[in-house]
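Please open the model in your viewer and keep the selection tool at hand. The tour below goes from stop to stop, saying what to select and what is there.

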Amino acid sequence: MSENKNILPQLPYSYESLEPHIDKETMLVHHTKHHQGYLDKFLKAIEGTDFENVYVNDILKDLKIIPEKLKTSIVNNGGGFSNHNFFWEILTPNSTKEPEQNLKKEIDIEFGSFTEFKKEFKEKALTLFGSGWVWLVLDKDKKLKIIQTKNQDSPLSIGLKPLLTIDLWEHAYYLNYQNKRADYVDNFWNVVNWKQVEYLFNLYIK
Ligand SMILES: [Fe+2]
């Protein structure tokens, strides 16, 4: 887990280690340019405000407390910073390829099977228009849901607990997959850190 500070986290693996599913150049640019860019703009937006020393997720959890003039920048850039912090943690070069134990059982109950779950997740990824993210979350009733978010909107802002996500901005896959989003989604399953997803599930389900 990354520490709760507004700094760019180190990746828990090397840039090339997710190849061939996600290529080194994409990872490098994604982390050092895009992620860093969101962080820089977010820090600039909160500089000198009451939010200067508040962790991004704590701000995103309650958008009502943000003054109107800061809202767009915090939602877009704070959201971009936060979403990528989360995304790196649910990827790994050593994927077990599927969940085990409690989460596996819950996925079977909620979606019918792991295969059906992946089908729905992919369908949500392919029908998301433009840029955004698809998430597996726990809702307020602690039920598993697959949701889409637009741009850099955070599921934290609508009271959801994120477990898994895929970045569907073209910067996440265009170098390797061009416009073939479906292939990117299919290969994404090879690098999912189900241990981390399961860890979060067990943490939130209590
Ligand atoms: Fe991204």
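Is the crossing of α1 and α3 left-handed or right-handed? It is left-handed, a term used when the near helix is turned anticlockwise from the far one by less than a right angle, with right-handed meaning clockwise.

Before going further, note that this is a predicted model, in which local features need pLDDT of at least 70 and side-chain atom pairs count only at pLDDT 80 or more, while totals for chains, interfaces and linings use all residues. Residues are numbered from 1 along each chain as its sequence is written, and side-chain values use heavy atoms, with hydrogens and water left out.

**The helix pair**

Select helix α1 (residues 24-46) together with α3, whose axes come within 8 Å and cross at roughly 145°. Helices (H or I, at least four residues) and strands (E, at least two) are DSSP runs numbered from the N terminus, and axes are lines fitted to C-alpha atoms, for helices over the stretch in contact, with angles running from 0 to 180 degrees between N-to-C directions. Residues making the contact (heavy atoms within 4.5 Å) include M27, H30 and F42 of α1 and I74, F81 and H84 of α3.

**The iron site**

Next, select the iron ion, which is coordinated by H30 (NE2), H84 (NE2), D167 (OD) and H171 (NE2) at 1.9 to 2.1 Å. Donors here are N, O and S atoms within 2.8 Å of the metal (3.2 Å for Na, K and Ca), and because water is not among the atoms, sites may look incomplete. The 4 donor atoms subtend angles of 89 to 130° around the iron ion, so the arrangement is tetrahedral, a label given to four donors if all angles lie between 85 and 135 degrees. Along the chain, the donors follow the spacing H-x53-H-x82-D-x3-H. Two of them link distant parts of the chain, since H84 lies in helix α3 (residues 68-89) and H171 in the loop between β3 (161-167) and α6 (174-177), 87 residues apart. Both H84 and H171 are buried, that is, under 20% relative accessible area, where exposed means over 50% and partly exposed lies in between (1.4 Å probe, protein chains only).

**The sheet**

Now colour the three strands of the open sheet, which has the order β2-β1-β3 with antiparallel pairing. Its edge strands are β2 (144-150) and β3, each pairing on one side only, and the twist averages 25° from one strand to the next. Strands count as paired if DSSP finds at least two bridges between them; strand β1 (residues 132-138) is joined to β3 by 6 bridges and to β2 by 7. Click on L136, whose bridge partner in β2 is I146 and whose partner in β3 is L164. Helix α3 packs on the sheet, touching β1 and β3, and its direction makes about 90° with that of β3. Helix α8 (residues 194-205) also packs there, touching β1, β2 and β3, with its direction at about 155° to that of β3. Strand β3 has 6 of its 7 residues buried, so it is largely enclosed by the rest of the structure.

**A last stop**

Finally, select T115 in helix α5 (residues 114-127), which is exposed, with a relative accessible area of 56%.

Technical notes: Four donors count as tetrahedral if all angles lie between 85 and 135 degrees; four count as square planar and six as octahedral if opposite donors are over 155 degrees apart and all others between 65 and 115; anything else is irregular.
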